[in-house]
Amino acid sequence: MLSSATWVDQPSKRECRSPNPAQLFSLTQTTFRLEIYSSIGEVTESYKNVDKWVKPERAPFNMNWFAMKPTTYKEPKGTVLIISPFNYPVWLLLGPLAGAIAAGNTVLLKPSESTPAWSSLIVELVAKYLDPDLVAVVNGAVPETTKVLELPWDHSSSSIIHSANLSYLTETN
């Protein structure tokens, strides 16, 4: 799944440089550095390190427990909700996406409604390059976000979550 991370790179650069005239976002070097290149870096890091991250970890030696050989096994949390803010709408969506996929989770992406050009590009690229059984995208504003927040989530990456009443959300550190 992460090996198809090149979808973030070449196609999106071309598509971002020649946006539809109706799309009102400007692409500066800063945008590419902070949005595109940072996203590529996080996807690449996840791809390179996923084997190391999923290995079971032995607990440090403890006289009380050594005979039991305590080991920590990494397991996916389940379905993850990632809601992107309007500032850095690509990086703050794709960075957590790379980590969630590397951890073995399925993901629902909710791009910011304040960045319609980026949101439509994300929808197009995700549909084209990622497995629809693993990653889905929901566009919309407050009503759609409210409906999405009412669903049971195993984990989320959004500050909006903290204001919603989500008693079923998995506790995180």
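The structure is a predicted model, in which local features need pLDDT of at least 70, side-chain atom pairs count only at pLDDT 80 or more, and totals for chains, interfaces and linings use all residues. Residues are numbered from 1 along each chain as its sequence is written, and side-chain values use heavy atoms, with hydrogens and water left out. The chain has 173 residues, of which 36% are buried; buried means under 20% relative accessible area, exposed means over 50%, and partly exposed lies in between (1.4 Å probe, protein chains only).

**Overall fold**

- The chain contains five helices and six strands; helices (H or I, at least four residues) and strands (E, at least two) are DSSP runs, numbered from the N terminus.
- Along the sequence, these elements follow the pattern α-α-β-β-β-α-β-α-β-α-β.
- Of the contacts in the chain with a separation of 6 or more, 69% are between residues 24 or more positions apart; a contact means heavy atoms within 4.5 Å.
- The accessible surface of the chain is about 10600 Å², and 56% of this surface belongs to carbon and sulfur atoms. Accessible areas come from the Shrake-Rupley method with a 1.4 Å probe, and for residues only the protein chains shown count as cover.

**Confidence of the model**

- The mean pLDDT of the chain is 78, and 72% of the residues reach 70 or more; pLDDT is the predictor's confidence in each residue, from 0 to 100.
- Among the elements of the chain, strand 5 (residues 135–137) has the highest mean pLDDT (94), whereas helix 1 (residues 10–17) has the lowest (49).
- Residues 4–14 have pLDDT under 50 throughout, and the model gives this stretch 23 contacts beyond four places in sequence.
- The pLDDT is also below 50 over residues 17–25, a stretch with eight contacts in the model beyond near neighbours in sequence.

**Salt bridges**

- How many salt bridges does a search of the whole structure find? The search finds three; a salt bridge is a side-chain nitrogen of Lys or Arg within 4 Å of a carboxyl oxygen of Asp or Glu.
- One of them joins the side chains of K74 and E57, at 2.9 Å from N to O. This pair links distant parts of the chain, 17 residues apart: K74 is in the loop between strand 2 (71–72) and strand 3 (79–83), and E57 is in strand 1 (residues 57–58).
- K74 counts as partly exposed because its relative accessibility is 36%, and E57 is likewise partly exposed, with a relative accessible area of 44%.
- K110 forms a salt bridge with E113, and their closest N and O atoms are 3.2 Å apart. K110 is buried, at 1% relative accessibility, whereas E113 is partly exposed, at 42%.
- A salt bridge also connects the side chains of E150 and K147, at 4.0 Å from N to O. These residues are three places apart in helix 5 (residues 142–150), so about one helical turn separates E150 and K147.
- An α-helix has 3.6 residues a turn, so residues three or four places apart point the same way.
- E150 counts as exposed at 51% relative accessibility, and K147 is exposed at 57%.

- Helix 3 (residues 91–102) has twelve residues and should span 16 Å at 1.5 Å a residue; its end C-alpha atoms are 16 Å apart, which agrees. The expected span of a helix is 1.5 Å times one less than its number of residues.
- The buried residues of helix 3 are L93, L94, G95, L97, A98, A100, I101 and A102.
- G104 follows helix 3 and has a positive phi, near 90°.
- E35 lies in helix 2 (residues 29–54) and counts as buried because its relative accessibility is 5%.
- From C-alpha to C-alpha, E35 and L93 are 9.7 Å apart in space, although 58 residues apart in sequence.
- Apart from its neighbours within four places in sequence, E35 contacts T30, Y88, P89, V90 and W91.

**Residue T115**

- Where is T115 placed? T115 is in the loop between strand 4 (106–110) and helix 4 (116–129).
- T115 is buried, with a relative accessible area of 12%.
- The side chain of T115 reaches the backbone oxygen of S112 at 3.3 Å.
- Leaving aside neighbours within four places in sequence, T115 is in contact with F86 and P89.

Terms used:
Polar contact = N/O pair within 3.5 Å; in protein donor to acceptor, adjacent residues only side chain to side chain.
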